[in-house]
Amino acid sequence: MASDQVEMRKSVTPGAISMLLSNSSPDSPSDIPEIIVQVVDLKPIGSSSTRFTFMASDGKMKLKAMLPTHFSSEINSGKLQNLGLIRILDYTCNSIPNQPEKALIVTKCEIVCPSLDMEIKSDVKKEETGITLKPKQDALIKSDAKKEELGMSLKPKQEMVTKSAVQIVREQHGNAAPAARLAMTRRVHPLASLNPYQGNWTIRVRLTNKGNLRSYRNARGEGHVFNGTQIQATMFNEAATKFYPKFELGKVANKQFKTVQNDYEMTLNENSIVEEVEGEAFLPEPSTTLSGSIDLIGIVQNVSSTLSIRRKSNNDTIPKRDITIADDSNKTVNVSLWNDLATDVGQQLLDMVDTSPVVAIKCLKVGDFQGVSLSTLSRSTVVINPDLPETKKLRSWYDSEGKGTSMASIGSNLISPNSKTGSRSMYYDRVFLSQITDDPTVGQDKPAFSINVYVSFIKPDQTMWYRACKTCNKKVTEAVGSGYWCESCQKNDDRCSLRYIMVVKVSDPSGEAWLSVFNETAEKIMGCSADELDRVKTEEGDEKYQLKLKEATWVPHLFRVSVAYTEYMNDRRQRITVRAEAPVDCAAESRYLLEEIHKLSVS
């Protein structure tokens, strides 16, 4: 009996595809019956690692389908494979342009079985139904007498009035209130379910950023355009002029669009409908934590003056302003405001910094400079004293206790305040190399880790240093004639200095890895400056240079490292960067190991 139940669980729902097609857009997930299908021909869309397509099969019929992007982790981890079974919890079936079949867009599902040995195929035999088919009778009625017997009377054909789809929609919905029009439409779709195969659809979203209404000119003429985010919506010409005043930051809007250009951007035309949804508060407010988030809210403690930073790509100067933000964790963080945010909002904050305003910032870029660095992007938004519950909470905390509390920077745990070597911090968050290299998610929730390793190899033929300005340490180039030109300082100098920028291989009992090392840390590893090592190479010869590198290997070090990821040619690569270094203190290391042993014995 138990084996029969297992076999039943490892089977598809009979007629599942017909059930999906008969109710192509259920009003609620609770209306969906038990639907289990087999995943056949599972494959990524193009070179994507998050978007997967497959054929949903019930053994008799198949339907082209797409899995939700958040489900990609289950596929990449092997929890769902080809020929596996899934239970569909929410979905829509959309028509494919210029094709008779539909596409199944799965918005929510769960795994029933990771993979079966073979594809399920139903061998259904045709059963006798007891129905006898007779030759088709002539259905043409030729005589008036026959028409009278059937009781049918034919009336003159009425003239048909041709109407466009827009006219029909306006006649049906034109006099309805916004709420009634919303009820007439199909159910509200989540952003994750949107795809290029849908026609008319409705979403409810909160506007998080509103670009400027700007003019453009190209070969097809002149026009206007503006866009918003997080899923970007772009409007041109009449649509841009029509909808620009309708979008307000933080408001919830109901948008019914005609087309979707791709998975991440939508385009509105003048026939689209945009309405504010009164009383809607179903969307989450900005996150208030740094961990795993790029939204921030806190008390402004300090605002710098505006700086002019020269861009490397085109030599233009752009304004920058730094602000320091604190919250009830008794930590502070530095945020760099760029461009208009630096000159406009930054100036407002500077004028009112004495009142310690609350500021909420959405869409911040998180960097790893000195542990944590935050900076605004082109789509970032800054709101001063927002009307949020968090604002009242922060204001109450700051006025009662935060104002007189001594606070430390969130990156201060990287280097101990009590030791120039930073050795004290090297005994927090200690990990082995394998814990970093084997985990593709490491570094997303924590800014840094400590490791105890040996430098095992230094490549002698790598570019180990660069020519730097003696004033700002930025890279310099040879000037015309003589000397060196610093782009940052905008001046020539007769001399420059060399600064390390190198990679070293390190090892510990669990494995090995390559680390990126910069000047101050590299000097501790090499035991000399880059200028001195260059002198040895040029004056004393390659043999002495190689010996200098070997002397630096198989020496133990305590490193504080950060982990980041880059993507090149669809290849995701891990980059481990050394942020601080300290020599191994044998006594402190022994105490640490004894504490770790004690934890193991207690557990």
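User: Which residue lies over the face of Y545, and at what distance from the ring centre?
Analyst: K537 does, at 4.8 Å from the ring centre. A charge counts as sitting over a ring if NZ of Lys or CZ of Arg is within 6 Å of the ring centre and within 35 degrees of the ring normal. This is a predicted model, so local features need pLDDT of at least 70 and side-chain atom pairs count only at pLDDT 80 or more, while totals for chains, interfaces and linings use all residues. Residues are numbered from 1 along each chain as its sequence is written, and side-chain values use heavy atoms, with hydrogens and water left out.

User: What lies over the face of Y592?
Analyst: R430, at 4.5 Å from the ring centre of Y592.

User: Why is Y454 with W554 called tilted?
Analyst: Their planes stand at 45 degrees, so the pair is tilted, and the ring centres are 6.5 Å apart.

User: Where do Y454 and W554 sit in the chain?
Analyst: Y454 is in strand 22 (residues 449-457), and W554 is in the loop between helix 13 (542-551) and strand 29 (556-568). The pair links distant parts of the chain, 100 residues apart. Helices (H or I, at least four residues) and strands (E, at least two) are DSSP runs, numbered from the N terminus.

User: What are the relative accessible areas of Y454 and W554?
Analyst: Y454 has 40% and is partly exposed; W554 has 55% and is exposed. Buried means under 20% relative accessible area, exposed over 50%, and partly exposed in between (1.4 Å probe, protein chains only).

User: And what about F457 and W514, how are their planes set?
Analyst: The planes of F457 and W514 are at 75 degrees, so this pair is edge-to-face, with ring centres 6.3 Å apart. F457 lies in strand 22 and W514 in strand 28 (residues 511-518), so the pair ties together parts that are 57 residues apart in sequence. F457 is partly exposed at 39% relative accessibility, and W514 is partly exposed at 39% as well.

User: Which residue is the bridge partner of K505 in strand 28?
Analyst: That is W514. Strand 27 and strand 28 run antiparallel and are joined by eight bridges. A hairpin of two residues connects strand 27 to strand 28. Two strands pair if DSSP finds at least two bridges between them.

User: Is strand 27 mostly covered or mostly open?
Analyst: Mostly covered: in strand 27 (residues 497-508), nine of the twelve residues are buried.

User: How many bridges join strand 27 to strand 22 and to strand 23?
Analyst: Three bridges join strand 22 to strand 27, antiparallel, with V455 opposite V506 in strand 27. Four join strand 23 (residues 465-468) to strand 27, also antiparallel. A468 stands opposite S497 in strand 27.

User: Which strands form the open sheet?
Analyst: Three strands do, in the order 24-25-26, with antiparallel pairing. Strand 24 (476-478) and strand 26 (491-493) are the edge strands, each pairing on one side only. The twist averages 35 degrees from one strand to the next. Axes here are lines fitted to C-alpha atoms, for helices over the stretch in contact, and angles run from 0 to 180 degrees between N-to-C directions.

User: How many bridges hold strand 24 to strand 25?
Analyst: Three, with strand 25 covering residues 484-486. E478 has Y484 as its bridge partner in strand 25.

User: What is the strand order in the closed barrel?
Analyst: The closed barrel of five strands runs 1-2-3-5-4, with mixed pairing. The twist averages 45 degrees from one strand to the next. Strand 3 (residues 62-66) and strand 5 (residues 102-113) run parallel and are joined by two bridges. A65 has L104 as its bridge partner in strand 5.

User: Last topic, backbone. What is the phi of N330 and of W554?
Analyst: N330 has phi near 60 degrees, and W554 has about 55 degrees. Both values are positive although neither residue is a glycine. Most residues other than glycine have a negative phi. N330 is in the loop between strand 17 (317-326) and strand 18 (331-338), and at 30% relative accessibility N330 is partly exposed.

Conventions: Rings of Phe, Tyr and Trp (its six-membered ring) pair if their centres lie within 6.5 Å; planes under 30 degrees apart count as stacked, over 60 as edge-to-face and the rest as tilted.
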